[in-house]
Structure formats: structure tokens, C-alpha cells
Amino acid sequence: LMTNGNTYSDKKDEFIVERPEKYGGNLNFDNYQDLENSYEKGELHALDLKNTIAYYLEEVIAPIRKSWK
């Protein structure tokens, strides 16, 4: 997952927002600043961002959930 410059790193080099073609298609971000700029300009809808963050967070916590079962 990307960060805003902190030291956290993961195996993902890009942040992909999946959305239907009728809404502009998928967006790919290589860094946090581009993501933030796209959101501020209105190119990235809040719900698309929310759903994508939920997806990536689930990927991060899935191994923890699995170990608790």
C-alpha cells in the first residue's frame, strides 16, 4: 500500500481504483500525491476511494483473521 511519505512499504507498487468504463474506467496511482491530487480535483469520487481502501485493507487484515480462526 502507498503512504504519504512514511516508511511503511508493501509488495504493491501501485494503487488501482477499479470502476466501470461509464465512470472513466480504472485509475492507477504510483504515489500518494497523485492520488490526493486526483481526489482534490474531483477526478476520483469519494465512494470509489472508500471502496478501494476497504478492498486493500481487507487484503492486509485477512492473514490476521485467518490466524485467529
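Confidence in this predicted model is highest in helix 1 (residues 32–41), with a mean pLDDT of 96, and lowest, when the elements are compared, in helix 2, with a mean of 92. Over the protein the mean pLDDT is 85, and 83% of the residues reach 70 or more. Residues 5–9 stay under 50, and for this stretch the model has three contacts beyond four places in sequence. Where pLDDT is low, the predicted coordinates should not be read in detail.

**Overall layout**

- The protein contains two helices and two strands, and these follow the pattern β-β-α-α when read along the sequence.
- Of the 69 residues, 17% count as buried, while the protein exposes about 5,600 Å², of which carbon and sulfur atoms supply 51%.
- Among the contacts with a separation of 6 or more, 43% are accounted for by residues 24 or more positions apart.

**The nonpolar core**

- The largest nonpolar core is made up of eight residues, namely Phe15, Val17, Leu27, Phe29, Leu35, Leu44, Leu49 and Tyr56.
- Strand 1 (15–17), strand 2 (27–29) and helix 2 (46–68) are the elements that give two or more residues to this core.
- Leucine 49, which belongs to the core, is in contact with Phe15, Leu35, Tyr39 and Leu44 once its neighbours within four places in sequence are left aside.

**Serine 38 in helix 1**

- Serine 38 is found in helix 1, and because its relative accessible area is 4%, under the 20% cut-off, this residue counts as buried.

**Salt bridges**

- The structure holds two salt bridges. Side chains of opposite charge can pair when their charged atoms come close.
- In one of them, arginine 19 pairs with aspartate 48, and the closest N and O atoms are 3.9 Å apart. This pair links distant parts of the chain, since arginine 19 lies in the loop between strand 1 and strand 2, whereas aspartate 48 lies in helix 2, 29 residues apart.
- Arginine 19 is buried, with a relative accessible area of 13%.
- Aspartate 48 touches both Val17 and Arg19, not counting residues up to four places away in sequence. The C-alpha atoms of aspartate 48 and valine 17 are 6.9 Å apart in space, although 31 residues separate the two in sequence.
- In the other salt bridge, arginine 65 pairs with glutamate 58, with the closest N and O atoms 2.9 Å apart. Arginine 65 is partly exposed at a relative accessible area of 44%, and glutamate 58 also counts as partly exposed, at 33% relative accessibility.

- Val60, Ile61, Ile64 and Trp68 make a nonpolar surface patch of about 410 Å².
- Isoleucine 64, one of these residues, is found in helix 2. With a relative accessible area of 42%, isoleucine 64 is partly exposed, because that value falls between the 20% limit for buried and the 50% limit for exposed residues.

Terms used. Residues numbered from 1 in each chain as written. Predicted model: local features only at pLDDT ≥ 70, side-chain atom pairs only at ≥ 80, totals over all residues. Heavy atoms only, no water. Core = buried A, V, L, I, M, F, W, Y, C linked by side-chain atoms within 4.5 Å. Buried < 20%, exposed > 50% of the residue type's maximum accessible area, 1.4 Å probe, protein only. Contact = heavy atoms within 4.5 Å. Areas by Shrake-Rupley, 256 points an atom, 1.4 Å probe, with all protein chains shown as cover. pLDDT = per-residue confidence, 0-100. Patch = residues over 30% accessible without salt bridge, like charges linked within 9 Å, V, L, I, M, F, W, Y side chains within 5 Å. Salt bridge = Lys/Arg side-chain N within 4 Å of Asp/Glu carboxyl O.
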